[in-house]
Amino acid sequence: MRYLFENHAFDTDRRELHRGSEAVAVAPKVFDLLDFLIRNRDRVVSKDDLINAIWNGRSVSDAALATRLNAARTAIGDTGQEQRLIKTLPRKGFRFVGSILQAQGPTSAPVGDDGQIESPRPVLALPDKPSIAVLPFQNLSDDPEQDYFADGMVEDIITGLSRSKLLFVISRNSSFTYKAKAVEIKQVGRDRGVS
């Protein structure tokens, strides 16, 4: 299973953590701790739950647990001060509070037309509300200066739609990866997790 949050991809099958396209080195116990927190993100996980799941009930000091927790936060770009993704609830436990998309993809990487291995694209889960991606407009005029106008129109549409709490709107950066490319709309929907 692959979990996507912020700019991270957490792959439990391959035991890999990626930040963007970069692999992040994670110690095995830290990986297990992240895995347990992410899988149990719907509840507060106690210190005892972590010790039973990660260390099989062996005696572990508070300092060792704190060290692994800090390493997990560092690996995903969080801190004990911010607690943006892993929240500590005093005398209760810990909880992963980041927004997560679950993805499944092929286990082997396909080969592109140029013979290069392509990285597998995850199948994103659709949000629970209507979702949309606004693709870049094509400049049909002979004036290349009009590209800025076309891009600005798309940005304004994305900004306007994203103000609605009833819609899930894909960001400009994600949409503009399709600029000047012939695309199949259904494939874009699958790639970006929009309906």
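Me: Where is Arg 58 found?
Reply: Arg 58 is in the loop between α2 (47-54) and α3. Helices here are DSSP runs of H or I with at least four residues, strands are runs of E with at least two, and both are numbered from the N terminus. Before going on, note that this is a predicted model: local features need pLDDT of at least 70, side-chain atom pairs count only at pLDDT 80 or more, and totals for chains, interfaces and linings use all residues. Residues are numbered from 1 along each chain as its sequence is written, and side-chain values use heavy atoms, with hydrogens and water left out.

Me: Is Arg 58 buried, partly exposed or exposed?
Reply: The classes go by relative accessible area: buried is under 20%, exposed is over 50%, and partly exposed is in between (1.4 Å probe, protein chains only). Arg 58 has 48%, so it is partly exposed.

Me: Which residues is Arg 58 in contact with?
Reply: Contact means heavy atoms within 4.5 Å. Leaving aside neighbours within four places in sequence, Arg 58 is in contact with Lys 29 and Ile 51.

Me: At what angle do helix α1 and helix α3 pack?
Reply: Axes are lines fitted to C-alpha atoms, for helices over the stretch in contact, and angles run from 0 to 180 degrees between N-to-C directions. Helix α1 (residues 28-39) and helix α3 (residues 62-75) pack at about 75°. Their axes are 9 Å apart.

Me: What do we call that arrangement of α1 and α3?
Reply: Under 35 degrees counts as roughly parallel, over 145 as roughly antiparallel, 65 to 115 as roughly perpendicular, and the rest as oblique. So α1 and α3 are roughly perpendicular to each other.

Me: Which residues meet where α1 and α3 pack?
Reply: Lys 29, Val 30, Leu 33, Leu 34 and Leu 37 come from α1. They meet Leu 65, Arg 68, Leu 69, Ala 71 and Ala 72 in α3. The residues of this contact divide into eight nonpolar, no polar and two charged. Nonpolar covers Ala, Val, Leu, Ile, Met, Phe, Trp, Tyr, Cys and Pro; charged covers Asp, Glu, Lys and Arg; the others, Gly among them, are polar.

Me: What volume does the second largest pocket have?
Reply: Rolling a probe the size of a water molecule over the atoms shows where empty space is left. On a 1 Å grid over the protein atoms alone, a pocket is an open set of points where a 1.4 Å probe fits, with protein on both sides within 12 Å along at least five of seven lines; lining residues have an atom within 4 Å of a point. Grid points are joined across faces, edges and corners, and a volume is the space filled by probe spheres set on the points. The second largest pocket has a volume of about 240 Å³.

Me: Which residues line the second largest pocket?
Reply: The lining includes Leu 135, Phe 137, Asp 147, Tyr 178 and Lys 181. Its residues divide into six nonpolar, two polar and four charged.

Me: Is Ser 131 buried or exposed?
Reply: Ser 131 lies in strand β9 (residues 131-132). Its relative accessible area is 9%, so Ser 131 is buried. Not counting residues up to four places away in sequence, Ser 131 touches Phe 168, Gly 193, Val 194 and Ser 195.

Me: What is phi of Arg 91 near?
Reply: Phi of Arg 91 is near 60°, a positive value in a residue other than glycine. Arg 91 lies in the loop between β5 (86-89) and β6 (93-96). With a relative accessible area of 85%, Arg 91 is exposed.
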